[in-house]
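This report goes through a protein model by topic. Please look over the sequence and the structure before reading on.

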Amino acid sequence: MKLSASFASLLALVSFAAAQSQLWGQCGGIGWTGPTTCVSGSVCTVSNAYYSQCLPGSAAPTTVVPPPSQPTTTAPTGGSPPPSGSGLDSVAKGAGKKYFGTASDTNEFSDTAYMAILNQAGMFGALTPLNSMKWDSTEPSRGSFSFTNADQVVARAKQNGQIMRGHNCVWYNQLPSWVSSSGFNSTTLTSVIQTHCSTLVGHYKGEIYAWDVINEPFNDDGTWRSDVFYNTLGTNYVQIGLQSAKGADGNAKLYINEYNIEMTGAKATSMINLVKSLKSAGVPIDGVGFQCHFIVGEVPTSMSSVMSQITAMGLEVAITELDIRMTLPSTQALLNQQQTDYENVIKQCMAVAGCVGISIWDFTDKYSWVPQTFSGQGAALPWDQNLAKKPAYNGIVAGF
Ligand code: G3I
């Protein structure tokens with residue numbers, strides 16, 4: 001059969017486009033083996049030696065000169081050191097990880113000193129919204145969606161060349177009462193989950209690296225958490241959420257995110273078994289998030305063992321919400337222990353090739369969730385109340 005000239009040229013265009021990175025996609029950097037040109041309307045722009053990204057622009061598609069094969073910390077001849085060379089994300093990428101990120105949200109965006117750190121080249125390569133993508137923010141009443149704040153977080157990430165982690169689709173908490181107390185039967189609740197996940201994930205199609213589709217499904221003893229989803233649909237709600245997300249953005253990595261799975265035990269075993277059963281049922285699942293809300297001096301030592309059992313099934317893992325709290329007031333001894341603890345957490349991710357990245361749950365004690373939840377505790381993050389770096393910062397660097 002003879003192809004018409006226009007169809008043949010369309011085919012050529014399609015295969016050319018497939019070999020190019022999409023808008024906001026990665027297009028270069030040390031260790032990058034994917035496309036190095038961008039689709040029309042975007043330009044491959046170097047963020048740092050480890051990450052180039054297709055940013056909007058009218059220039060013709062461009063190719064980035066491949067970066068040096070070895071990370072370098074020396075200044076280019078006749079110039080000053082690359083501005084991004086010393087930040088946590090640069091260090092993480094230099095150590096072979098995809099990103100070092102932070103959570104943040106719009107109510108902090110008016111703090112100029114805070115934003116100077118959030119926006120600093122090479123400091124954070126990924127952003128997670130603390131609250132603005134949750135169900136109570138995005139669908140406060142049935143079928144009425146609001147993305148105003150979440151859109152601002154995504155826009156900020158784009159401006160900074162940061163990838164996004166979406167957080168989250170299905171969670172018992174920060175869930176409006178029209179879902180939790182509705183008395184919906186299984187058919188209606190299925191449709192409610194499908195609408196929520198597909199609209200939320202679809203709104204950001206192509207813009208989110210990974211979604212926490214299911215958040216905190218288990219109790220600490222490894223049994224299923226009793227909430228409206230489990231109580232109405234049994235364990236099926238997990239696949240309903242994952243399948244809806246997959247249909248809305250086939251390229252986003254789909255995660256289940258959980259805490260207290262960072263040590264071997266009943267809860268970690270339940271997560272491993274859940275992943276196994278989802279895989280054998282052909283349900284889309286790409287990753288497991290380890291939240292890592294830890295206590296100074298009590299950081300688990302078996303996390304890499306749990307992580308390895310999950311990556312052995314073909315999934316990736318990530319540290320998604322790291323912080324290490326202490327009883328206040330902080331002392332030099334506690335801050336030093338915290339430094340060691342941060343280092344040890346990073347090392348456990350480093351020990352697992354499939355541990356793709358690490359995010360802290362905001363970066364400064366000024367905005368940490370900890371003091372409101374655990375009375376008398378805090379100082380959990382690497383920057384203090386006054387936005388000065390703590391010893392923990394050096395612990396992170398040392399861990400890589
Ligand atoms: O939005 C209201 C505001 O209108 C009101 O004036 C104010 C008064 O307290 O409350 C505001 O809501 C707060 C919300 O954060 C937004 O700031 C809630 O009270 C507060 O409970 C809520 O806390 C969040 C918490 O999740 C809820 O569980 C934290 O900021 C957020 O950091 C935390 O994040 C979770 C992850 O999503 C899942 N893993 C655990 C992690 C820490 O708890």
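## Strand β7 and its neighbours

Strand β6 (residues 163-170) runs parallel to β7, and four bridges join them. Strands here are DSSP runs of E with at least two residues, helices are runs of H or I with at least four, and both are numbered from the N terminus. Two strands count as paired if DSSP finds at least two bridges between them. Asn215 stands opposite Asn257 in β8.

Strand β7 (residues 210-215) is mostly covered, with six of its six residues buried. Buried means under 20% relative accessible area, exposed means over 50%, and partly exposed lies in between (1.4 Å probe, protein chains only).

## Basis and confidence

This is a predicted model, in which local features need pLDDT of at least 70 and side-chain atom pairs count only at pLDDT 80 or more, while totals for chains, interfaces and linings use all residues. Residues are numbered from 1 along each chain as its sequence is written, and side-chain values use heavy atoms, with hydrogens and water left out.

The average pLDDT of the protein is 88, and 83% of the residues score at least 70; pLDDT is the predictor's confidence in each residue, from 0 to 100. Residues 1-18 have pLDDT below 50, and this stretch makes four contacts in the model beyond near neighbours in sequence. Residues 60-84 are also below 50, with 35 contacts beyond near neighbours in sequence. A contact means heavy atoms within 4.5 Å. Where pLDDT is low, the predicted coordinates should not be read in detail.

## Overall make-up

The protein has 14 helices and 13 strands. Of its 400 residues, 52% are buried. Among contacts between residues at least 6 apart in sequence, 72% join residues at least 24 apart.

## Cysteines

The structure holds one disulfide, defined as a pair of cysteine sulfur atoms within 2.5 Å. This disulfide joins Cys349 to Cys355, with an S to S distance of 2.1 Å. The link is left-handed, at -105° about the S-S bond. Both Cys349 and Cys355 are buried.

Cys169 is buried, with a relative accessible area of 1%, and Cys197 is buried at 0%.

## Backbone features

A cis peptide bond joins His167 and Asn168, with omega about -5°; Asn168 is in strand β6. Another cis peptide bond, with omega about 0°, joins Leu328 and Pro329. Pro329 is in the loop between β11 and α12 (332-350).

Glu216 is not a glycine, but has a positive phi of about 55°. Glu216 lies in the loop between β7 and α8 (228-233) and counts as buried at 7% relative accessibility. Leu387, likewise a residue other than glycine, has a positive phi near 65°. Leu387 is in the loop between β13 (377-378) and α14 (391-399) and counts as buried at 15% relative accessibility.
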